[in-house]
Amino acid sequence: MRCRVCGAATRRAARFCDQCGAPLADAAAGPRPEPAARNAERGDRRIVTALFADLVDYVRLVAEHDPEDVRRQVDSALQAMFEAIKAYDGTREKFIGDAVFAVFGWPIGHDDDALRAAHCALAIREALTQVVGSTGGEPLTVRIGIATGEVVAAPRGEDELEWSLTGPAVTTAARIQAIAQPGEILLDEATLRSARKGLAVEDRGPQLLRGQLRPIRVARLLGEAGFQPWRPPTGQLVGRERERARLGALLERSMDDQGAAIVIEGEAGMGKSRLMADLAVLAPAAGFACTWVDNVSYGAREPYRFGRALAQAIADEHGTDSGAMARRLLFTEDVPTEQARIWAGAVAAIARDAAFSGWEEEATLAPAEPAEVARAIRELANRYVDRLLEVSGPRIIFIDDLHWIDPSSAPMVEEMVAATARGPLVLVMGTRPGRSPASAALESLERIVLSGLDEGETSQLAATVAGTEIDPTDARRLHERTAGNPLFITETVRAILDDPSPRAAAERLVLGDGTASTGMPMTLRALLGARIDTLSEEARTVLRVASVIGVSFGAPVVAEVLGEPVNPDVYERLAEASLIVAVDGAEGWRFSHPLLHDAAYAGLLGSTRRRLHARVADLLASRAGRGAIGAVARHRAAAGDEARAVPMLAEAAEEALAVGAPAEAASFWTAAADLLGTGDVAEAFRQRARVALDAIAEPSLPSATAPG
């Protein structure tokens, strides 16, 4: 098995991870017997970002210098790479001579794994500039390739100590690395799309990689981009008129001497950053300076990360470094010497990086007592903000992803909220529900809660992304599938546009069944898969078995498929995590979102899916009446049971047609044809499906007209 903290292989009897020391929860209980219906084949399918880094000129260094010296230098370089991978919660999959292969998103997924991999690559490149051995003082350089995609993760042996990751992302990362120049970091398009923000890149255009048939688009990573307001292709913000009006009124109200603080709350992808970015565009014309600080999930363990990021953002605005700006704002002549000493020590405690240059002496003055440090830092936050307003006038500070702020910096935010009552400071914070620090619950805060767009707004956003009108029927289907989540809408439409199946009719994009049949976008697989990864193993198993049953499912059926009872608390925890909701009393449940169902289902290995579908089909056939023939047939088909599925699908199609449901009949015939693949029978089924669909499209046909 693998440690769920660092991903390292662990010994079967171990109670703690040999690599990071984390407790192994399942070890103390000993091995659990596997019920008959549990996964016979261990592993899953998931979206990961793979990183392949190769040291440059290793062969030349060995030829020109003492091999022992080179080996020491390379060992130091590999250790530096490992530290960078560990810092961003990646898993070092293997060292290959003078190269390293790492993955982000396994065994634990995060919704920003692509961004983590990119920052890790930057950290590796920077760290290697410091690795200078006895090879003539020559620093090592590296080539790095990064790619994102689906992999199958499965153990190589029965003891689960060694796992293999198989998928295009692994080979693509290695191939991209091979075309990089020394010191370059190259990314594929899927990584860029998954990272979504925060990266400065240079497009390298399509590249045909060794061993691949089609070129892929590649970009060179230049560094962090800083804040750049994200906008849809046309620059239009769809919907949110009421929220925009509230923010505009808040801005107008704050033009005098008193500010305001507001929290924008919503699930991932609901448009918090987009709404904040819209206000950032309007603010300068109203006389407000703007500062934007992103929090990141991998920075939550770094003390005072937010404080340093805020100080650096403000210093960048003034063309100086954080240390010089802090001196300018904090240490004026009216500050008593003893107070200055305490503050200087507190700044030095926060700084801990080169941007606060010139503070080495003050580092020895840091208060020894933690309580004194915390008190001094709150005073610093007060002083810093008040002086900033004196120097630069009215200001809006945007704090994105507040739920990821490091705990050490949270008191700073509380002081900033209090400062809005003393001067023209507007604080706008974006956060996810149920995961914010105490500062987001202060009574003085105003609050905007974002829900999904309505059906008309969904259609409008989809048309904006597609660049043309969307068929109304497809727009309704898209809204049902995405629940109006702007990110889900955008990524789903982009995935459909990348697929050759969409067609235009009278200058209108007709998606057909694409909203259901097109593969789930990688960005959403990673985002929702990360939510599933936070669950216990039992909860993940229940959720994935439920996904085989359908969007709606019953707890008794899940237990029968598993072959063992399920603790009711598991369902309650899944409901608390907003993954499922109760229906039809305590025994009935459904996924809270169709895409959550799809993400859980996509995580299953194909062999596991087929076995579970067969089990569900057997249960339905033994318990249900004639009305369940369609459901049983679909599960037989998904199980790959052609012999039993095809006759049942054909029978279900005839029954659907007999009750005036040609669309359902066409679906059954198409499923039967797909299962058969080729041949006269398969073509006959496809023809019948086409006739049934034509009957829907042509109301004048006799089969589609009312009798009499």
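In which loop does Arg240 lie? Arg240 lies in the loop between strand 8 (216–224) and helix 6 (241–253), where helices (H or I, at least four residues) and strands (E, at least two) are DSSP runs numbered from the N terminus. This is a predicted model, in which local features need pLDDT of at least 70 and side-chain atom pairs count only at pLDDT 80 or more, while totals for chains, interfaces and linings use all residues. Residues are numbered from 1 along each chain as its sequence is written, and side-chain values use heavy atoms, with hydrogens and water left out.

**Backbone geometry**

- Most residues other than glycine have a negative phi, and most peptide bonds are trans.
- Arg240 is not a glycine, yet has a positive phi of about 65°, and this residue is buried, with a relative accessible area of 10% (buried means under 20% relative accessible area, exposed over 50% and partly exposed in between, with a 1.4 Å probe and protein chains only).
- Ala483, also not a glycine, has a positive phi of about 55°; this residue lies in the loop between helix 14 (472–482) and helix 15 (486–498) and counts as partly exposed, at 37% relative accessibility.
- The peptide bond from Trp106 to Pro107 is cis, with omega near 5°, and Pro107 is found in the loop between strand 3 (99–104) and helix 3 (113–128).

- Three strands form an open sheet in the order 17-19-18, with antiparallel pairing, two strands being paired if DSSP finds at least two bridges between them.
- Strand 17 (552–554) and strand 18 (580–583) stand at the edges with a single partner strand each, so one side of each is left without a neighbour in the sheet.
- From one strand to the next the twist averages 35°, with axes taken as lines fitted to C-alpha atoms, for helices over the stretch in contact, and angles running from 0 to 180 degrees between N-to-C directions.
- Strand 17 and strand 19 (residues 588–591) run antiparallel and are joined by three bridges, and Gly554 stands opposite Gly588 in strand 19.
- Helix 19 (residues 555–562) packs on the sheet and touches strand 17 and strand 19, its direction making about 70° with that of strand 17; contact here means heavy atoms within 4.5 Å.

**Cavities**

- There are four cavities of 30 Å³ or more, a cavity being a set of points on a 1 Å grid over the protein atoms alone where a 1.4 Å probe fits but cannot get out, and lining residues having an atom within 4 Å of a point.
- The largest cavity has a volume of about 240 Å³ and is lined by 16 residues, of which Gly307, Ile350, Ala381, Tyr384 and Met412 lie nearest its centre.
- Helix 11 gives the most to this lining, with five residues, and the lining of the largest cavity divides into 15 nonpolar residues, one polar and no charged (Ala, Val, Leu, Ile, Met, Phe, Trp, Tyr, Cys and Pro count as nonpolar, Asp, Glu, Lys and Arg as charged, and the others, Gly among them, as polar).
- The second largest cavity has a volume of about 170 Å³, and 17 residues line it, of which Arg46, Ile47, Arg525, Gly529 and Ala530 lie nearest its centre.
- Helix 17 gives the most to the lining of the second largest cavity, with six residues, and this lining divides into six nonpolar, five polar and six charged residues.

Notes. 1 Å grid on protein atoms, 1.4 Å probe; cavity = no way out; pocket = protein on both sides within 12 Å on 5 of 7 lines; lining within 4 Å. Points joined across faces, edges and corners; volume = space filled by probe spheres on them.
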